[in-house]
Amino acid sequence: MIKHRTPEDSDLFDPRHYAAVRQPLLEAQTPPAWCYTSPAFYRREVERIFRREWQFLGRTEQVPAPGDYFALAFAGVPIVVVRGSDGALRAFANSCRHRGSMLLDEGNGNCKAIVCPYHSWVYALDGKLSGTPDMDRTEGFGAGDYPLHRVRLETWAGFMFINFDPAAAPLSVFLGDIDDKVGIYGLGDMVLARRREYPIACNWKLWVENAKESYHIATVHKRTIQRYASAKSAGYAVEPTIGEYCVTFARHDASMALLQGDSGFPVHEPLLGRREAAGTCAPLIYPSTYLACTIDCAWYLEVHPLGPSSMMLVHGALFPRERLGRPDFETLAANYYRRWDITTEEDIVASERQQKGLDSPYATPGRFSHREPLVHAIDNWILDRVLD
Ligand code: FES
Ligand SMILES: [Fe+2]
């Protein structure tokens, strides 16, 4: 009855299992179902992708003041991002250097120093160990030798990225020529107006693949954003890129962030007279950050992998700073939020349903449409990193 068999873990990353995915788009097969279900495949992705490449982690305005922090586990690693008294943003392993306790509970807050809840070692906001009760008799112990372990953090256009790999190339190299594509939108001057989290019962790749194909729009979003469904009218042209991202540009009327008939903000001034005033530029920064820049705002999807079939999505809504001062900002922004809430739920239903189908022993590889070039590109980017 079982139609496919997952290889043994020792054999799971042999490239021959994936040869069909490596073919050109219209000759290729979709990845084997175990890529979306196997704990061993997921562990390899964590090791080779999430703990090695740059990872998007929200906006700098989430921690505006000295002492502001947020703590979370990313790809299984407890970390804290904190703004120092000097205004600099830093990321640290959220683990005490004494006997390893997690320091700050997950969530956000403000602190003057980080105090371990176990034996009260104290760390300054720059990670230096500044308080060590009853350690004065310990031979050869110096607080200077036990700062918090640093996690690399760099920013681009108001977006924070972390990297667990000390040897990784700088973020600017990773992002390549992305500013040529989205610099015009002034993302660094936009403000995070709303941030919303969604736990989703699917493999992180299903969400990312969904975000970068327009093929499902006519079906999944038929009651909402169907007008962006047609490849013929909207184009969804895949543009060449340098760096670890891919990008599409779709031509359309009005804002892609509104449902038909809803009122919104005028076109963002820097776009006037350019093709960007009549379309949406949407990069996917590998492995998992979707960004959409449309005529009057931008939004992003931040993906936190939690396991083979679970992830957390963060949806961030960005508007040009001056819009937030308008007396009608909240009224108009509500139209955008409604559109995002509805279409995000539609995509969640589709992705969780897809996960259930892939969990079946009958799940076998399928074929791609010409509408899915970036699903194929994303899958191959991942295989480039996880295979032996
Ligand atoms: S584990 Fe943190 S002070 Fe002991
Ligand atoms: Fe969708």
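Me: Why is alanine 254 called partly exposed?

Reply: In this predicted model, alanine 254 has 16 other C-beta atoms within 10 Å. A residue is buried if 20 or more other C-beta atoms, placed from the backbone, lie within 10 Å of its own, exposed if 12 or fewer, and partly exposed in between. Alanine 254 therefore counts as partly exposed. As to conventions, residues are numbered from 1 along each chain as its sequence is written, and chains are lettered from A and ligands numbered from 1 in the order in which they are written. Local features need pLDDT of at least 70 and side-chain atom pairs count only at pLDDT 80 or more, whereas totals for chains, interfaces and linings use all residues.

Me: How is alanine 75 classed, buried, exposed or partly exposed?

Reply: Alanine 75 has 19 C-beta neighbours inside 10 Å and so counts as partly exposed. Alanine 75 is in the loop between β2 (68-74) and β3 (77-83), and its phi, near 50 degrees, is positive.

Me: What makes alanine 298 buried?

Reply: Alanine 298 has 24 other C-beta atoms within 10 Å, and is therefore buried. Alanine 298 belongs to strand β16 (residues 298-307). Leaving aside neighbours within four places in sequence, alanine 298 is in contact (C-beta atoms, placed from the backbone, within 7 Å) with Tyr185, Leu187, Met190, Leu291, Ala292, Cys293 and Leu318.

Me: Which residues touch the most other members of the largest nonpolar core?

Reply: A nonpolar core is a set of buried Ala, Val, Leu, Ile, Met, Phe, Trp, Tyr and Cys residues joined through C-beta atoms within 7 Å. Of the 87 residues in the largest one, Val80, Val81, Trp207, Leu284, Ala298 and Leu318 touch the most other members. Domain 1 (55-167) and domain 2 (177-386) both give residues to this core, so it lies between them; the domain bounds come from an automatic or database domain assignment.

Me: Why is α1 called roughly perpendicular to α8?

Reply: Helix α1 (residues 39-50) and helix α8 (residues 373-386) pack at an angle of about 90 degrees, with their axes 9 Å apart. That makes α1 roughly perpendicular to α8, since angles of 65 to 115 degrees count as such, those under 35 as roughly parallel, those over 145 as roughly antiparallel and the rest as oblique. Axes are lines fitted to C-alpha atoms, for helices over the stretch in contact, and angles run from 0 to 180 degrees between N-to-C directions. Arg44, Glu45, Arg48 and Ile49 in α1 meet Ile382, Arg385 and Val386 in α8.

Methods: Helices (H or I, at least four residues) and strands (E, at least two) are DSSP runs, numbered from the N terminus. Two residues are in contact if their C-beta atoms, placed from the backbone, lie within 7 Å.
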